Amino acid sequence: MMEFLKDRYGRRVNYLRISVTDRCNLRCHYCMPLHGLQFHKKEEILSFEEIVHTVQIANRLGIDRARLTGGEPLVRRDLPVLIKMLRNETDLKELSLTTNGLLLERLAEELATSGLDWINVSLDSLRPDRFTRITRFGLLETVWAGLRRATEVGLKPIKINTLVLKNFNEDEVEDWLDLTMNNEFVVRFLELMPIGEGADLTHLGGFANLSEIRNELIEKFGLVPAKPGRGNGPARYWKVPGAKGMIGFILPISEKYCDTCNRFRLTANGEIRPCLAYDVHVKLLDVIRAGDEDAIRAGFLEAADMKPEGHHWEVGQVTQTLMSSLGG
Ligand code: SAM
Ligand code: SF4
């Protein structure tokens with residue numbers, strides 16, 4: 001009989017975020033500093049075979065959904081090969097990817113044919129100057145070219161993640177809503193989390209309370225509840241009646257959802273991290289490398305036992321680890 005992974009608070013873990021690299025081709029202010037970064041050594045990074053083997057063991061514990069992330073997952077060489085392997089050699093029911101979109105124009109077709117179900121593209125502004133500012137050197141047009149290509153090759157739904165910051169881009173939410181009228185995009189607004197570089201963003205405006213913004217939008221535009229075809233996260237969705245797309249809200253601070261958390265993270269260097277907010281983790285690199293299935297399984301169970309009940313960001317907790325090494 002299938003054994004399900006449960007934590008001490010009765011939450012079932014069935015979803016794994018797999019970070020394939022801690023490197024990135026951008027340096028978003030809320031995620032990575034410009035200088036002083038220390039990346040994992042090459043020999044510490046899990047190979048594709050090691051990732052697949054770990055997912056097979058996770059499958060036996062009831063984890064049947066996964067998302068590839070990073071750093072920037074598309075900078076990992078031959079990523080479509082990993083996607084094919086995960087599709088052919090594991091029992092994942094859903095496999096998606098989160099990307100900054102810079103390499104999407106080139107890779108979208110191969111990603112679609114390799115068996116990816118859908119993608120999330122992080123894009124914080126519709127304005128070229130703001131996009132370059134927040135990412136430090138990204139070009140908006142490159143991401144749009146990637147989004148167009150992803151649409152052409154049928155990678156659907158395309159979810160766009162927009163981190164909303166006070167006095168920086170909160171005035172764009174209505175522009176995004178407008179975009180969903182004639183496009184099938186699922187635009188998800190995220191609250192800033194005090195993790196790594198995100199802990200002090202006062203120079204860029206900082207935290208915006210999105211539940212207030214959501215309530216204003218619902219009232220002003222008569223939004224109705226909506227549901228994207230796929231997904232398994234904490235977002236709640238709304239749309240303008242008749243619109244092709246929809247908007248969603250992910251509110252870790254103003255509407256904390258830790259009681260429904262169903263996920264673990266596997267870092268690029270083989271750590272299982274049961275919670276974004278704390279540095280608790282189980283190091284599995286050696287046992288994964290040794291192919292020791294019992295020890296890998298025991299590592300997952302240990303991580304479940306360590307999973308904290310929830311964060312305390314809303315009352316000033318700060319998490320030191322960089323988001324780019326945790327996998328978002
Ligand atoms: N590079 C890819 C990307 O940008 O989509 C994947 C990794 S990135 C760490 C994953 C997600 O984490 C992105 O949507 C990003 O906006 C989000 N993120 C990074 N730092 C954050 C923070 N401090 N608070 C909230 N979200 C954050
Ligand atoms: Fe890179 Fe994504 Fe972090 Fe931006 S949010 S620096 S694109 S890992």
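Entry 1: Where is the place of aspartate 78? I found aspartate 78 in the loop between β2 (65-69) and α2 (79-89); helices (H or I, at least four residues) and strands (E, at least two) are DSSP runs, numbered from the N terminus. Aspartate 78 is not a glycine, yet its phi is positive, about 60 degrees. I noted aspartate 78 as partly exposed, with a relative accessible area of 47%. My cut-offs are under 20% for buried, over 50% for exposed and in between for partly exposed (1.4 Å probe, protein chains only).

I looked up asparagine 167 too: its phi is near 55 degrees, again a positive value in a residue other than glycine. Asparagine 167 lies in the loop between β5 and α6 (173-182), and is exposed at 67% relative accessible area.

**Ground rules.** This is a predicted model, where local features need pLDDT of at least 70, side-chain atom pairs count only at pLDDT 80 or more, and totals for chains, interfaces and linings use all residues. Residues are numbered from 1 along each chain as its sequence is written, chains are lettered from A and ligands numbered from 1 in the order in which they are written, and side-chain values use heavy atoms, with hydrogens and water left out.

**Entry 2: a cis bond.** I saw that lysine 156 and proline 157 are joined by a cis peptide bond, with omega about -5 degrees. Proline 157 sits in the loop between α5 (140-152) and β5.

**Entry 3: ligand 1.** How many residues surround ligand 1? I got 19, taking a residue as near if one of its heavy atoms lies within 4 Å. I then went through polar contacts to the ligand (pairs of N or O atoms within 3.5 Å). A side-chain N or O atom of glutamate 72 is 3.1 Å from a nitrogen atom of ligand 1. Serine 122 puts a polar side-chain atom 2.6 Å from an oxygen atom of ligand 1. β3 (94-99) and β5 (158-164) are the elements that give two or more residues to the shell.

**Entry 4: the core.** Which residues have the most contacts inside the largest nonpolar core? They are Leu68 and Phe300, in a core of 101 residues. Such a core is a set of buried Ala, Val, Leu, Ile, Met, Phe, Trp, Tyr and Cys residues joined through side-chain atoms within 4.5 Å. Helix α1 (residues 48-60) gives the largest share, six residues.

Terms used:
A polar contact is a pair of N or O atoms within 3.5 Å; within protein, one must be able to donate a hydrogen and the other to accept it, and residues adjacent in sequence count only if both atoms are side-chain atoms.
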